[in-house]
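Reader: I'm new to this one. Can you walk me through it?

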Amino acid sequence: MPYGQVVTGPPGSGKTTYCHGLSQYLTLLNRSTHLINFDPGCDPTTFMSETVSITFDIRSVVDLTNVMEKGWGPNGGLQWCFEYIAHNADEVMKRIKSSVIKAERSKISKMPEPAKSTLEHYTDDEIFQGCYLIIDFPGQVELYTHSESSSKILSLLTLPPHKGGHIGLNVVNVNLVDSTSIYDAGRFISTCLTTLMSCIRLSLPVVNVLTKVDLLSNQSAAFDIEFFASCDNLQPLMQYLEQGSVEDEEGEYADDEEYQNARRKVKDSKFYRRHAELTSGLAEVITDYGLVNYKLLSVSDAALMGRVVAECDKVNGYVYTREEYDTDDNKVNAMFKAAVKSDGFNGRQKELEDVRERYIMKNRVVEHDEDTKEDA
Ligand SMILES: Nc1nc2c(ncn2[C@@H]2O[C@H](COP(=O)(O)OP(=O)(O)OP(=O)(O)O)[C@@H](O)[C@H]2O)c(=O)[nH]1
Ligand SMILES: [Mg+2]
């Protein structure tokens, strides 16, 4: 059975950019990577480059633009598209499989000898099994929370052939969220809640990722990046809840008496207290489940991308079977290697240190320099 990733996350979190970056990264590792656009509202040709091409575009089955011409709005239209796909999921799976095999055969026909004649003798199923699929899903959260269509599509995607499936993908759900949500306590908690909901609703092995860490600076985040990456205890965020970021307390409004009085008034109100209680309860639910923690990623950072890939390989089982990990050691050793590479021993600390050094501290210095220039 082939391996792959289903990439989900809120709109604009960087899914398509990640899929394209990942495709380039995995192609360098010699994996037979295939990009599948599963967003009926996204024109993938706008993202295409010389090194990345799309093997299957769901718009060949159903296109959001055409659905909207029938009177649907963008969100309802997307929901309609997903219902349509779920209804015809069997046919869609067959089409994905045949597009992947066709693309692979075309690649083989351009290979030099003797690889070409060796691979040409492989059956379609043998070829398909060696492929790695990257599936770019749409961002609308309602697709995962308000309807069964996504879970229906995904369960058919992972159904093995001996149970009537066509693809039987060994899959990991890579759930991306924008790391700039750490600047706002309320937004970060709701981000974690959406992450948790999608983990539960999709019921797939999951790797959660905070994207765009290159945009972070610790100028106004309440805590160190480790706090947000591990999500061990979200309660300390409660004190920063009512006005968003710590900027309000320590930033440019710190000496504004009128502003600070208004802030105190809000904090003393009944609504605020009840709202804080609710949010605190939700934060407790998130940490109690113990499912939410994040890897860190900037799409152009090869080391961070490598760590996300290693984690995914561990979670979808790629590590057990493929050559990159197949040394003279046994499979347990291979898994151990991937685990260590992604977050074992001091791997996790190294990941956090890299992000602090390469981005957070650097951006802080740049911001500081710009502030000094402005003051001057
Ligand atoms: N700085 C930075 N920008 C990024 C990164 N990843 C994505 N972006 C930017 O974020 C924006 C949104 O990226 P997309 O890949 O279109 O996000 P998406 O999740 O596919 O968006 P939808 O499909 O509309 O839900 C684009 O402008 C990207 O260039 C990153 O690692 N760093
Ligand atoms: Mg996209």
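Predicted model: local features only at pLDDT ≥ 70, side-chain atom pairs only at ≥ 80, totals over all residues.

Reader: How many of the residues of α12 are buried?
Author: The count is 0 of its 12 residues. Helix α12 is hardly covered.

Reader: Zoom out. How many helices and strands does the protein chain have?
Author: There are 17 helices and 7 strands. Of the 376 residues in the protein chain, 36% count as buried.

Reader: In what order do the strands of the sheet run?
Author: The order is β3-β2-β4-β1-β5-β6-β7. The sheet is open, and its pairing is parallel. At the edges stand β3 (54-57) and β7 (295-296). Each has a single partner strand, so one side of each is left without a neighbour in the sheet.

Reader: How many bridges join β2 to β3?
Author: Strand β2 (residues 32-37) is joined to β3 by 3 bridges. Leucine 35 stands opposite isoleucine 54 in β3.

Reader: And how many join β2 to β4?
Author: That pair has 6 bridges and runs parallel. Isoleucine 36 has isoleucine 135 of β4 as its bridge partner.

Reader: How many bridges does β4 make with β1?
Author: There are 5, again between parallel strands. Here glycine 4 stands opposite leucine 133 in β4.

Reader: Is β4 enclosed or open to the outside?
Author: Strand β4 (residues 131-136) is largely enclosed by the rest of the structure, because 6 of its 6 residues are buried. Both faces are covered. One side carries Cys131, Leu133 and Ile135, and the other carries Tyr132, Ile134 and Asp136.

Reader: Which strands does α9 lie across?
Author: Helix α9 (residues 185-202) lies across β1 (3-8), β5 (170-178) and β6 (206-211). It runs at about 165° to β5. Helix α14 (residues 302-316) packs on the sheet too, touching β1, β5, β6 and β7. The direction of α14 makes about 140° with that of β5.

Reader: Which residues of α9 are buried?
Author: Among them are Ala185, Phe188, Ile189, Cys192 and Leu196.

Reader: New topic. Which peptide bond is cis?
Author: The one from glutamate 113 to proline 114, with omega near 5°. Proline 114 lies in the loop between α4 (89-109) and α5 (115-120).

Reader: Last one, the ligand. Which residues come nearest to ligand 1?
Author: Gly14, Lys15, Thr16, Thr17 and Gly139, out of 17 residues around ligand 1. Helix α1 (residues 15-28) gives the most to that shell, with 3 residues.

Reader: How do the residues of the shell divide?
Author: Into 4 nonpolar, 9 polar and 4 charged.

Conventions: Residues numbered from 1 in each chain as written. Chains lettered and ligands numbered in written order. Pairing = 2+ DSSP bridges. Helix = DSSP H or I, 4+ residues; strand = E, 2+ residues; numbered from the N terminus. Contact = placed C-beta atoms within 7 Å. Axes fitted to C-alpha atoms, helices over the stretch in contact; angles between N-to-C directions. Buried ≥ 20, exposed ≤ 12 C-beta atoms within 10 Å, placed from the backbone. Near = placed C-beta within 6 Å. Nonpolar A, V, L, I, M, F, W, Y, C, P; charged D, E, K, R; others polar.
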